[in-house]
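The stops below go from one selection to the next.

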Amino acid sequence: PAPSPPSNKSHPSSMGTSASSAECKGAAEPAAAGASPPPPPPPAVAPIVAEEAAPAAAAQGEATKGGGGRKKAKDAPAAPALPPGVAPAGTPPQEKGRCTYFVAGKGRYCRFHASPGGERCGAHLAEPEDDQQRVPCPLDGGHTVYKNRLAQHLKICSKKRQDEILVRQPFFKKGVNGGGGAQAELDQEDRQLEAEVDGSLAGLDLQDTFLVRLAAAFPRAVAEVLGPSVDPEELLARSVVATAGNLAHAEKHEAQNLALTAMISERGLLEGDPVVVEYGCGRAGLATAVLAEKPGIRCVLVDRDAPRNKMEHRQEHRGERVLRLRLDIADFDLAALLQAPLDPAALPRAADFKGEALQVSSTTDANGNSGPAERLEELWKAAAALQAAAPWPPSRLLACAKHLCGGATDIALRSLQGRPGGVEASVCIATCCHHRCDSVSYLNVPFLQRLGLCEAEGEFARLASLAGWAVGGRGDVRAKRHIGMMAKRILDLGRVAWLREAMGLKDAALAEYIGKEVTPENIAIVASGARS
């Protein structure tokens with residue numbers, strides 16, 4: 001039979017049939033009238049029966065190449081890249097008076113007002129002159145400044161002002177407590193170990209020689225520090241969890257502060273009206289709970305950050321004797337605090353702090369806030385007022401903290417060495433984030449070496465990294481958490497041993513202050529100050 005005219009359409013019920021095979025099937029249909037047509041031959045061997053079909057088949061073959069009847073989209077030519085700040089075609093015009101720089105990452109124009117007489121704001125000036133370029137501030141790369149104003153900016157930069165305020169605070173002494181800065185010893189391999197807190201047991205080799213040594217060292221450490229009557233596995237079971245707790249953030253921290261305060265009170269650490277020093281205080285939640293337990297007690301709050309909603313700014317606590325120092329714990333001179341009280345007549349005044357970065361303000365704003373120099377003067381007055389209450393130096397000191405991170409615990413404990421001989425020190429510090437410890441800050445590396453750990457270079461970093469397994473991961477990964485908790489407890493046991501050996505606090509121990517369903521970081525280092 002004569003072939004049908006060529007067609008550019010595939011058979012409606014056959015996905016991927018070429019034009020030539022469709023024509024062959026149509027030609028065979030009269031001969032097979034009344035019967036089901038045989039399946040069409042594969043397109044690869046289907047004969048072309050009409051020369052006229054060749055162009056159409058070629059065109060259709062390009063359209064359906066790859067089978068499936070779906071047209072393969074040709075690679076569209078890449079659109080030319082737009083210069084920075086230029087809006088794509090079709091973008092509505094910018095509001096009059098606003099910067100016309102288009103922020104490609106946000107899909108919108110800059111929202112700042114345009115500079116007078118220009119179309120863009122100061123940060124987006126098109127092709128600025130060399131002296132109008134903005135460069136990162138050398139003191140703080142988080143902001144930029146005009147190049148031609150850099151020299152003047154360095155004199156008044158807020159970063160420089162903050163540094164000036166830091167070093168002019170009472171009881172500041174750079175690096176007096178040592179530590180800090182050894183975190184760089186964690187090489188890339190050890191950082192990868194820290195990142196292995198992923199909820200998977202893949203790659204966990206329990207025959208690893210270091211893990212074998214860790215498992216052998218843990219019961220020996222428990223027996224040496226806590227005594228043979230303490231079961232090492234029971235100590236781990238107090239903190240190892242299968243899944244995370246469900247308490248809300250605020251509820252969890254409030255519960256921990258109350259539990260720590262209850263333990264402080266039960267152990268008699270508030271007897272004798274000690275001066276309470278809360279290290280890494282944040283908003284001072286623990287000091288707040290201590291003040292609720294024993295109103296009127298003197299508190300010193302130490303933290304290098306300045307969080308909002310500080311406890312001492314609340315109305316109910318404004319009458320309390322509280323001193324907040326914005327200091328790194330490594331720079332907090334506890335010995336200077338506990339020396340003879342400051343002479344109110346010799347305190348520095350605001351004018352004494354005047355400099356390029358600290359200007360004396362003659363007025364206050366609508367909220368009653370004064371300038372940084374005046375605030376420093378008030379801080380020195382608050383320090384003198386705290387010391388004015390007899391007796392001074394105090395007979396007792398309580399060093400406390402909730403979840404003092406990594407090596408900050410070691411630095412805080414080391415600061416107690418500087419206290420005068422007549423001041424008894426008691427301790428209640430809940431530890432956490434042991435994976436951020438480092439060998440320079442850590443108090444008792446010889447203790448770890450006696451256990452057969454941390455003898456080779458890099459082993460301390462690995463021990464600290466393993467501690468990150470204790471509370472990480474997803475799902476039930478108790479094998480990893482068991483190993484991580486052993487690393488945590490060994491580091492804490494070394495701290496307890498140091499308090500006994502170096503500080504003479506013979507009753508130093510570990511104590512569970514709250515259930516692990518609230519937090520797996522539920523162990524605190526406690527010592528009552530007994531030197532016998």
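Two strands count as paired if DSSP finds at least two bridges between them. Helices (H or I, at least four residues) and strands (E, at least two) are DSSP runs, numbered from the N terminus. This is a predicted model, in which local features need pLDDT of at least 70, side-chain atom pairs count only at pLDDT 80 or more, and totals for chains, interfaces and linings use all residues. Residues are numbered from 1 along each chain as its sequence is written, and side-chain values use heavy atoms, with hydrogens and water left out.

**Stop 1: the sheet**

Select E8 (residues 396-405) and E9 (residues 424-432): these strands run parallel and are joined by nine bridges. Within this pair, Lys402 sits opposite Ala430 of E9.

Now extend the selection to the open sheet, where seven strands follow the order E7-E6-E5-E8-E9-E11-E10 with mixed pairing. The edges are E7 (322-325) and E10 (509-512); each has a single partner strand, so one side of each lacks a neighbour in the sheet. From one strand to the next, the twist averages 20° (axes are lines fitted to C-alpha atoms, for helices over the stretch in contact, and angles run from 0 to 180 degrees between N-to-C directions).

Strand E6 (residues 299-302) pairs with E7 in the parallel sense over four bridges, and Leu301 stands opposite Arg324 of E7. Are the residues on the two faces of E7 buried or exposed? Val322 and Arg324 on one side, and Leu323 and Leu325 on the other, are all buried. Buried means under 20% relative accessible area, exposed over 50%, and partly exposed in between (1.4 Å probe, protein chains only).

**Stop 2: helix H12**

Select residues 408-415, helix H12. Eight of its eight residues are buried, so H12 is largely enclosed by the rest of the structure. Among them are Asp410 and Arg414. Show what the buried residues of H12 pack against: strand E5 (275-279), helix H10 (334-337), E8, E9 and helix H15 (478-501). Contact here means heavy atoms within 4.5 Å.

**Stop 3: the nonpolar cores**

A nonpolar core is a set of buried Ala, Val, Leu, Ile, Met, Phe, Trp, Tyr and Cys residues joined through side-chain atoms within 4.5 Å. The largest has 77 residues, and Tyr279 and Phe332 have the most contacts inside it. H15 supplies the largest share of this core, 11 residues.

Centre on Phe332. Apart from neighbours within four places in sequence, Phe332 touches residues including Phe171, Val277, Tyr279, Val300 and Leu325. A second, separate core has 28 residues, among them Leu260, Leu269, Leu291 and Cys428.

**Stop 4**

Leu376 is in helix H11 (residues 372-388) and counts as buried at 2% relative accessibility. Setting aside neighbours within four places in sequence, Leu376 contacts Ile165, Arg168, Gln169, Phe353 and Leu358. Next, pick Thr261 in helix H8 (residues 249-266); Thr261 is buried, with a relative accessible area of 3%.

**Stop 5: the cysteines**

How many disulfides are there? The count is zero, where a disulfide is a pair of cysteine sulfur atoms within 2.5 Å. Select Cys281 and Cys400: the sulfur of Cys281 has its closest cysteine sulfur in Cys400, 9.6 Å away, which is too far for a bond. Cys281 is buried, at 7% relative accessible area, and Cys454 is buried at 6%.
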